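Thanks for coming. I will take one item from today's list and talk through it in order, starting with a term and then going to the interfaces.

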Amino acid sequence: MNFLTLDWKTIFPQLLKGTLTTLQLTAIAISLGFVVGILLTLGWLYGNKPIRIFCRGYVDLFRGTPLLLQLFIVYYGLPRYGIRFSPFVAAILGLGLNSAAYQAEYFRGAIQSISQGQMLAARSLGMSEFKAIIHIILPQALRIVIPAWSNELIYTLKYSSVAYMIGTTELMFAGKIIAAKNFRFFEVFLVVAFIYLIVVLIISHFLRMIEKRAKIPGLQMIS
Amino acid sequence: MEPIEKNVLLRVRHLSKSYNKEPVLKDISFKVKKGETKVIIGPSGTGKSTLLRCLNRLTRPDSGQIWLDGVEVTSSKTNINKIRQSIGMVFQDFNLFAHLTVLDNVRIGPTRVKKIPKREATELALDMLSRVGLVDKAGAYPAELSGGQQQRASIARTLAMRPKLMLFDEPTSALDPELIGEVLIVMKNLVKSGMTMVVVSHEMGFARSVCDEIIFVEKGVIVEQGPPDELFLRPKHRRTKEFLSKITELYGKSEG
Amino acid sequence: MEILETLAAIGKSIIPVLRGTEITVALTFSLLAIGLMMGLPLALGQVYGNKIISTIIVVYERTFRSIPALVLLFLFYFGPATFGIYISPFLAAILALGFRSSAYQSQIFRGAIQSIGQGQMMAARSLGMSKLKAIIYIILPLVLRRSIPSWSNEYSSVLKDTALAFAIGVIDLNRWGWRIAIRTQDPIIVFLVIGVIYFFLTLAGTRFLRWLEKELKIPGFQSRDTIG
């Protein structure tokens, strides 16, 4: 085992490119998950019965089955029905729709932790239910949920490595190519692990700064 | 279809409400004239809060009608959000919006509901905050205030909507004794300024000194109503007498 | 009709699918056991240990929680081979995911220990118990009870993570799904069926743990609420 004998000149750009793809994949997937997750939460809490059942079912189903399976369905399953995605897009959809289920669960917890009185007071001012949700409930819920949401972001980042299994050329994939070419699996994956570690630590640090900034006296955050 | 009667702002007729077949309000009728203050008293769990919440339809009554200034609140054709803008409600536990500063709490109604320009709303809000003596706390968050200050801020929040009628749901019950006075002072000033108010409260001192009529509710029905002195000195019903003496004993005659 | 054919193909492979399920369950239980046996001492070390011990544990925990499961699987699979030690993919998966789970579990137990408060420990020591005795007879019984809800979350997430062992060639449920999918050319149906099996494994485990939680409940001692 000797890291110095690795051909860093060629390896480094490859790893960097993979890392950037990983970050891209994570950012887009978490955003998709955010939008779908909010919709699921609102449907779950405020929708009529069929919508509630659908949203609940969605969350249970996506949380109850492995992400890898979901990626396989999107990437290998759908083409049979004429729906074809590139590995990158399939990974975004799989990761994003999966994360949506988890985010919905966090948002729901946050909204339910807000006292009923907030909604009552908003309605008593003449706000419609929709307005009350937009101006009163969501701004509070989104603050409360920051720590839990930060965890979810880190999870998505780590699990984006699974996208390698459907051929998305992210960090893990780059590692595998380099490892196979040099036949130095252990060392290369140690380097890959180290990169993930650093990226996770840096992002966690930033998220904690945001958490501190968003803190409002009296609003208890849940993690 | 409202029976015309001059100066009547709020009219409640045959209001009934049940929860799980358990009647909470039974055939309640009363009216409030412009500028009047009515205090609703009664043992806990007798539907006082439910009655108050029916008035702005936060709770939907099962039957009966409510008119506010010629508009039927209970009609499904009425835009209830519009009606609620003219009925201010003050809650027992304040319910200030936890993520907004005091100023924003007072400003959010005018800007988001009435679509008043922000600058104008700010002026209005500061004006209302000065009425309750809280201008210096405009930038604070609710959790940084004492209970009394929070309740005053919530009164300012409803005042900023320029309501025709204000409902108070036990506004001092959640407060430490030494903080009750500052809220009552604000409420008394409102009475003096001619605000029409319906107050659920056990502050007998407040009731006796400023209200026009006390309504005694028990087990969902109005047992007796009349001017405070009449109820205190010459109650018609045995229950009224018992309740009033018990409540005076408990709360004292404080805060004249 | 095609769907029926696919289902029939899965039906014909019922024995291997059951074998795969068995592997998945075995993998899950083994790694949870490793995680438990390591996680508890790690949590105790972090709370009651001296500064050096707790720092080492924090670094361990952070590292294993920050590296993706898939990367850990590769490291544990290829790592020993680099030093001339050959282990089966199954064992590599148990070790990789088990060590990882120990980091998560130690966090669960640490939270539970800290939520119990100093009073219990002081009361135990005042009776003349040693620190170790106090931990074994007083703290742990409380901690384990309080940890069940979070531990149930851990169960359902590692169960799903075992599907990743596919990447280093463990012949688990997921792998069998893959094989049948290739044969039948209709992956969606196959993966959905496999998904249903995972779903029921999750459900069975979490239901059991909720039952256990109720069974072990002590009046006045609440299990910790877990949001997120």
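This is a predicted model: local features need pLDDT of at least 70, side-chain atom pairs count only at pLDDT 80 or more; totals for chains, interfaces and linings use all residues.

One definition before anything else: a residue is called buried under 20% relative accessible area, exposed over 50%, and partly exposed in between.

Where does B:Asp27 sit in chain B? It is in strand β2, residues 22–33. Its phi is positive, about 50 degrees, and B:Asp27 is not a glycine. Is B:Asp27 buried, exposed or partly exposed? The relative accessibility is 47%, so B:Asp27 counts as partly exposed, given that the middle class lies between 20% and 50%.

The other residue is B:Phe94. Here too phi is positive in a residue other than glycine, with a value near 65 degrees.

Now confidence. For the complex, the predictor gives an ipTM of 0.89 and a pTM of 0.86. Chain C has a mean pLDDT of 87, with 96% of its residues at 70 or more. Within chain C, the pLDDT is below 50 over residues 224–228. That stretch still has 13 contacts in the model beyond near neighbours in sequence.

Next, the interface of chain A with chain B. On the chain A side 21 residues are in contact, and on the chain B side 24. The two chains bury about 2000 Å² between them, and 66% of that area is on carbon and sulfur atoms. What is the count of salt bridges between chain A and chain B? The count is 0. Residue pairs in polar contact number 7, with both residues at pLDDT 80 or more. Two elements of chain A give two or more residues each to this side, namely α5 (116–124) and α6 (129–144). Of these, α5(A) gives the most, with 7 residues. Sorted by class, the chain A side has 10 nonpolar, 8 polar and 3 charged residues.

Then the interface of chain A with chain C. This contact takes 41 residues from chain A and 39 from chain C. About 3600 Å² is buried between the two chains, 74% of it on carbon and sulfur atoms. Which residues of chain A lose the most area to chain C? They are A:Leu69, A:Arg80 and A:Phe186, which together make up 16% of what that side buries. Across this interface the rule finds 0 salt bridges. The count of residue pairs in polar contact is 7, again with both residues at pLDDT 80 or more.

As for the elements, the chain A side draws at least two residues from each of several helices, including α2 (49–64), α3 (67–77) and α4 (87–113). Further along chain A, α7 (146–159), α8 (171–182) and α9 (185–214) also each supply at least two. The largest share, 11 residues, comes from α9(A). By class, the side of chain A that touches chain C has 29 nonpolar, 6 polar and 6 charged residues.

That is the end of the list.

Note on methods:
Residues are numbered from 1 along each chain as its sequence is written. Chains are lettered from A and ligands numbered from 1 in the order in which they are written. Side-chain values use heavy atoms; hydrogens and water are left out. pLDDT is the predictor's confidence in each residue, from 0 to 100. Contact means heavy atoms within 4.5 Å. Buried area is the accessible area (1.4 Å probe) that two parts lose on being put together, summed over both. A salt bridge is a side-chain nitrogen of Lys or Arg within 4 Å of a carboxyl oxygen of Asp or Glu. A polar contact is a pair of N or O atoms within 3.5 Å; within protein, one must be able to donate a hydrogen and the other to accept it, and residues adjacent in sequence count only if both atoms are side-chain atoms. Helices (H or I, at least four residues) and strands (E, at least two) are DSSP runs, numbered from the N terminus. Ala, Val, Leu, Ile, Met, Phe, Trp, Tyr, Cys and Pro count as nonpolar, Asp, Glu, Lys and Arg as charged, and the others, Gly among them, as polar. Buried means under 20% relative accessible area, exposed over 50%, partly exposed in between (1.4 Å probe, protein chains only).
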